[in-house]
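Here's a walk through a two-part question: how is one chain built, and how does it meet its partner? Have the coordinates open as you read.

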Amino acid sequence: MNTLYTFGCSFTQYHWPTWANIVAYDLKMKHKNYGQVGMGNFGIANRILEVNERIGVDADDMLMVLWSSWDREDRLKQKQWRGEGSVFSNDEIYGTKWLRRFYDDSDKVMKNVFWIHSVNKLYGNKLNWQGSGFDYYRNDTFFEETPAGLNQDAQDLIKTYGHLMPEVYHWLNAENRNSFYHMADSHPDVEKHLQLVKDVVYPSLGKTLKKETIELFTEVQKSFEDAKSFFNKPDDEPQLSIKFLKRKWPEVYKMLDRSDLHLADGTNPIGID
Amino acid sequence: MGRLFTFGCSFTYYAWPTWANIAAVDKNCEFYNFGMAGIGNVGISQRILEADCKFNFTKDDKIMIMWTSWTREDKIIGYDYEAGGSIFGKYPTAWLKNNFHYADIIVKNSNAIIATNQMYKDLILWQGAAFKNDFMEVGNTEFSSFKDYDKEFYNSLIKMYDVKMPKYEFIGFEESGNKFSFDCLNDSHPDILDHLSIVNKIIPLKQKTKDITVELYNEVKQTLTLKKCTRMEKAQKIITNIVNSNYKDTFAKAYSYEALSSRIT
């Protein structure tokens with residue numbers, strides 16, 4: 001059976017099915033989801049490289065990537081990539097002192113451009129689909145000492161290197177409402193993921209989603225929406241989502257491919273025993 | 001041969017001509033040195049792409065790379081790379097205790113080197129590593145070796161990447177760190193004579209190149225000794241003056257540094 005390899009951040013691997021799971025289900029493909037919560041583009045590119053150079057991708061396999069936001073620094077801890085999200089929202093590792101000393105828009109621009117371009121240069125012909133969960137160059141900063149827009153140095157660099165960026169779909173409305181209309185979380189829910197696949201991913205592949213797939217994931221969405229009272233502890237929502245899915249939709253839960261989640265469970269994270 | 005592009009850390013671009021400059025003099029071709037003091041291997045990879053963007057590599061161009069220590073983390077501040085060197089000199093111990101892991105540097109360095117080789121393999125004339133031991137800059141004994149419980153994992157990681165890693169020579173430049181450059185300077189970087197001995201092993205040099213390099217070395221050493229110069233700042237001015245005045249057609253032509261900020265639109 002051919003394999004679908006998907007890469008990205010929490011928009012690709014989350015506590016409920018994402019576009020990646022929907023595509024794998026619809027195409028009836030074996031699925032290896034290398035998406036990881038909090039992952040940046042440097043980490044995503046490294047994972048794509050790992051899969052291509054180490055595991056090897058067959059001609060009939062499929063590779064898809066949803067690039068992440070640009071303000072992330074990816075690091076490995078012990079045996080796994082750790083997704084820490086934006087440097088601006090992680091005081092435990094970074095914080096004001098670190099940001100003052102090491103953060104610069106230019107650094108962000110060069111690293112993201114370099115790694116996204118490298119993946120396209122190396123594996124562009126193998127990428128069946130790529131999109132971006134955020135606008136390129138978007139500044140996620142909430143750091144009061146950094147202006148909201150990119151500084152002049154970074155803008156100058158974009159003039160020189162911006163042309164290297166592939167033209168992709170930018171999922172700009174991914175987070176514009178609460179997940180399932182009631183959660184204290186704005187990650188795109190199943191409805192939004194289904195919409196992305198239907199309106200963006202599949203048309204670019206010349207495919208149409210099966211009726212059965214639409215029905216299944218629409219039902220999953222609806223059951224999450226209806227279970228508002230179940231999700232009454234906002235802090236526990238990720239765990240509750242998993243619990244809910246496992247109980248209510250065991251076959252969908254299995255699709256999340258937890259053996260390859262590379263989350264805190266520490267399971268064989270970069271593929272060697 | 002078309003143009004020559006060289007990449008690496010301070011062992012490639014420094015206050016005096018390095019192996020890269022000597023190679024350029026020998027090849028007598030258009031030459032661009034993207035070496036940068038303190039840069040790491042991820043930064044070196046990024047600089048190769050930068051050069052490609054700025055100069056639009058052709059099949060006739062050649063690239064030479066001197067990879068550096070693995071324990072560096074590259075940052076661009078403003079218009080250029082920060083010459084930070086090892087992360088052990090950059091981050092405090094408390095931060096390192098929580099955030100430094102060998103897996104991080106093994107994966108990032110391996111991927112950067114492999115990606116560069118996949119992208120530019122046809123243009124790479126030569127590549128080597130300045131350090132015999134990739135992790136030698138650790139310095140801080142607390143982090144100087146793999147912890148027992150991780151040793152097996154880290155070694156497996158290195159072995160795993162080794163399949164795709166290019167096979168290159170370890171130059172061992174760090175050995176020159178045991179002496180004063182030009183026998184007088186308060187600096188332990190390899191001097192011109194050390195570089196000549198290295199580049200002579202990399203590519204067969206013309207006798208003319210060897211002669212003029214030794215001549216330059218002698219002139220620099222003699223001047224520094226006469227002026228009792230021990231400080232780098234003063235030495236750099238003296239050396240630049242010698243190169244620009246007396247080696248106009250050779251080293252002066254191949255002496256410039258390519259900054260990130262140069263040639264941007």
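Chain A exposes about 11,400 Å², and carbon and sulfur atoms supply 48% of that; the areas come from the Shrake-Rupley method with a 1.4 Å probe, and for residues only the protein chains shown count as cover. Keep in mind that this is a predicted model, where local features need pLDDT of at least 70, side-chain atom pairs count only at pLDDT 80 or more, and totals for chains, interfaces and linings use all residues. On bookkeeping, residues are numbered from 1 along each chain as its sequence is written, chains are lettered from A and ligands numbered from 1 in the order in which they are written, and side-chain values use heavy atoms, with hydrogens and water left out.

Of the 273 residues in chain A, 63% are buried, where buried means under 20% relative accessible area, exposed means over 50%, and partly exposed is in between (1.4 Å probe, protein chains only). The secondary structure of chain A comes to 9 helices and 7 strands; these are DSSP runs numbered from the N terminus, with helices being H or I of at least four residues and strands E of at least two. Look at contacts (heavy atoms within 4.5 Å) with a separation of 6 or more in chain A, and 73% of them come from residues 24 or more positions apart.

Now for some individual spots in chain A. A:Gln13 sits in the loop between strand 1 (3–8) and helix 1 (19–27). What does the side chain of A:Gln13 join in a polar contact? It's the side chain of A:Asn33, at 3.1 Å. A polar contact here is a pair of N or O atoms within 3.5 Å; within protein, one must be able to donate a hydrogen and the other to accept it, and residues adjacent in sequence count only if both atoms are side-chain atoms.

A:Val57 is in the loop between helix 2 (41–55) and strand 3 (62–67) of chain A. Leaving aside neighbours within four places in sequence, A:Val57 touches A:Tyr5, A:Val51, A:Asn52, A:Leu63 and A:Lys126. A:Ser241, 184 residues from A:Val57 in sequence, is 32 Å away from C-alpha to C-alpha.

A:Phe180 has a positive phi of about 55° although it isn't a glycine. A:Tyr181 lies in the loop between strand 7 and helix 6 too, and its phi is near 70°, again positive in a residue other than glycine.

Here's how several residues come out on accessibility:

| Residue | Relative accessible area | Class |
|---|---|---|
| A:Cys9 | 1% | buried |
| A:Gln13 | 0% | buried |
| A:Val57 | 16% | buried |
| A:Phe180 | 0% | buried |
| A:Tyr181 | 47% | partly exposed |
| B:Lys121 | 51% | exposed |
| B:Cys184 | 18% | buried |

How many disulfides are there over all chains? The count is 0, taking a disulfide as a pair of cysteine sulfur atoms within 2.5 Å. B:Cys184 is in none, and its nearest cysteine sulfur, that of B:Cys229, is 6.6 Å away.

On to the interface. The size of an interface is often given as the accessible area lost when the parts come together. Chain B and chain A bury about 4,100 Å² between them, 63% of it on carbon and sulfur atoms; that's the accessible area (1.4 Å probe) that two parts lose on being put together, summed over both. In residue terms, 45 from chain B are in contact with 40 from chain A.

There are 5 salt bridges across this interface, each a side-chain nitrogen of Lys or Arg within 4 Å of a carboxyl oxygen of Asp or Glu. B:Lys164 forms a salt bridge with A:Glu53, with the closest N and O atoms 3.4 Å apart. Polar contacts between chain B and chain A come to 15 residue pairs, both residues at pLDDT 80 or more. Which element of chain B gives the most to the side that touches chain A? That's helix 4, with 11 residues.

B:Lys121 lies in the loop between helix 4 and strand 6 (124–129) of chain B. Its C-alpha is 9.3 Å from that of B:Ile63, 58 residues apart along the chain.

Finally, helix 6 (residues 192–202) of chain B. At its start, a side-chain oxygen of B:Asp191 reaches to within 3.1 Å of the backbone nitrogen of B:Leu193. Buried residues in this helix include B:Ile192, B:Leu196 and B:Val199. The buried residues of helix 6 pack against helix 1 (19–27), strand 3 (62–67), strand 6 and helix 7 (207–226) of chain B.
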